[in-house]
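Thanks, everyone. I'll take you through a few local features, then the packing. Please have the structure open.

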Amino acid sequence: MSLIEDQYDAYPYPERDPKDEAKRLITGSPSHPLEIDHFVFAGKRDWSQTFRGLVAGGGTGDALIQMAQILTSAGKPYEITYLDLSTSARGIAEARAEARGLSGINFVTGSLLEAGDHGPFDYIDCCGVLHHLPDPQEGFDALAGALKPQGGMGVMVYAPYGRAGVYPLQEAFGTLLQGPPRDRLRDARAIFQRLPEGHPFKRNPHVSDHKASDAGFYDLLLHSQDRAFTIRDLSDAFEAAGLAITGLPQAHAYDPTPLLPDRRMLVGLDELTRMELAEKLRGTIRLHVAYAAPKATAEGRVAKPTPGSVPHLKGVQPAKLAAAIAKEGVLPINLGDEKIDVPVSAAAAGLLRHINGRRTLTEIAQAERLDPIAFSALWNGVSEVLCRYGLLFYSTLLR
């Protein structure tokens with residue numbers, strides 16, 4: 001058994017208790033069905049057709065449970081395959097699915113390199129796994145080969161700059177510590193308590209898994225195989241696998257313009273170079289979440305507002321957001337340590353209160369008694385801002 005299998009059998013990650021399924025549903029990026037529709041199917045997927053998904057390296061089941069529960073609640077048919085090497089993690093994922101009474105799930109113990117044996121799939125989730133493979137490119141290639149031509153995938157990989165201090169500690173612990181995982185964890189915690197307060201890791205406010213649980217500490221600081229990707233590295237890995245990035249839920253973080261005194265500094269630079277600059281200038285990005293599709297079919301995958309589009313707000317209540325904008329004249333955005341006020345007209349804010357996940361843009365315009373031209377003039381700007389900050393998606397999931 002490899003060190004990685006030892007780790008995840010001893011400390012399934014992330015740490016989850018199936019009893020908590022009665023209290024809450026954990027959601028996030030990638031792989032919320034609304035996001036999938038927005039970034040892979042242009043917001044127009046026919047959800048009456050069975051959704052075939054793969055969770056590659058499913059761990060304790062966050063992505064699996066999120067997809068299966070949301071699709072179940074929406075009454076949409078699905079078949080999802082869960083694939084992971086750890087029997088301990090699989091057991092927790094199975095217990096969580098059972099606690100919710102979810103069906104349509106096929107649990108498989110195995111490597112994501114075997115994804116092609118179970119496909120093809122409409123969608124593949126691979127969150128926090130590819131950077132732990134001996135050869136990450138082999139993983140990208142295997143997943144790409146398991147996709148349908150019109151399918152897509154959502155990936156999360158670690159980024160280097162926002163994880164300052166992590167990798168020196170991983171290397172030091174790897175040199176010093178031997179024995180079973182529990183002994184390694186005990187000794188690592190003892191060493192950690194003796195680190196000077198000026199250590200780059202202790203001064204890094206962007207990492208916190210080590211505070212959450214034993215599994216979080218081990219995964220962050222004791223992992224035996226962990227490679228971080230810059231945004232260029234990630235783009236290159238997709239490219240080598242025959243894929244192209246279709247969208248980033250937090251696109252604003254990859255725009256260097258707000259960090260520069262003169263936008264003319266960017267003249268002549270391609271989009272990827274600009275994104276790379278933003279990552280270096282911010283220094284706070286600790287992971288990348290990206291959606292991708294086969295290069296031959298990647299064009300036009302991201303949703304754009306059309307009369308029949310159905311908007312959804314993420315993490316905010318439409319009426320409260322509209323009231324806040326009407327009062328202050330700005331859209332208040334809080335993203336970790338970044339607080340931004342984006343100017344938005346009161347008239348545009350009034351449109352947001354009509355969003356309920358079922359109304360089309362045409363129906364929202366009718367509710368405000370606006371003709372298509374007047375509506376577009378108000379809507380397109382606020383839509384662009386909300387999408388860039390990961391607060392708005394287009395999807396027909398609930399129609």
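Start at Arg369, in the loop between helix H14 (361–367) and helix H15 (372–388). This is a predicted model, by the way. Arg369 is not a glycine, yet its phi is positive, near 60°. Is Arg369 buried or exposed? Arg369 is exposed, with a relative accessible area of 78%.

Now Ala42. Its phi is also positive, about 60°, and again the residue is not a glycine. Ala42 sits in the loop between H2 and S1. Ala42 counts as buried, because its relative accessibility is 19% and the cut-off for buried is under 20%.

Next, cis peptide bonds. One runs from Ser29 to Pro30, with omega near -5°. Pro30 is in the loop between helix H1 (3–10) and helix H2 (33–40). Another joins Gly119 and Pro120, with omega about 5°. Pro120 is in the loop between strand S3 (105–109) and S4.

On to the helices. H3 (residues 62–73) packs against H4 (residues 87–100) at about 20°, with the axes 10 Å apart. So H3 is roughly parallel to H4. The crossing is right-handed. H3 brings Asp62, Leu64, Ile65 and Gln69 to the contact, and H4 brings Ala93, Arg96, Ala97 and Arg100. By class, that is four nonpolar, one polar and three charged residues.

Last, the core. The largest nonpolar core has 35 residues. Which of them touch the most other members? Ile124, Leu130, Leu143, Met153 and Phe238 do. Helix H5 (136–144) and strand S5 (147–158) are among the elements that each supply at least two core residues. Take Leu143: beyond its neighbours within four places in sequence, its contacts include Leu54, Ile124, Leu130 and Met153.

How values were computed
Residues are numbered from 1 along each chain as its sequence is written. This is a predicted model: local features need pLDDT of at least 70, side-chain atom pairs count only at pLDDT 80 or more; totals for chains, interfaces and linings use all residues. Side-chain values use heavy atoms; hydrogens and water are left out. Axes are lines fitted to C-alpha atoms, for helices over the stretch in contact, and angles run from 0 to 180 degrees between N-to-C directions. Helices (H or I, at least four residues) and strands (E, at least two) are DSSP runs, numbered from the N terminus. Angles under 35 degrees count as roughly parallel, over 145 as roughly antiparallel, 65 to 115 as roughly perpendicular and the rest as oblique. A crossing is left-handed if the near helix is turned anticlockwise from the far one by less than a right angle, and right-handed if clockwise. Contact means heavy atoms within 4.5 Å. Ala, Val, Leu, Ile, Met, Phe, Trp, Tyr, Cys and Pro count as nonpolar, Asp, Glu, Lys and Arg as charged, and the others, Gly among them, as polar. A nonpolar core is a set of buried Ala, Val, Leu, Ile, Met, Phe, Trp, Tyr and Cys residues joined through side-chain atoms within 4.5 Å. Buried means under 20% relative accessible area, exposed over 50%, partly exposed in between (1.4 Å probe, protein chains only).
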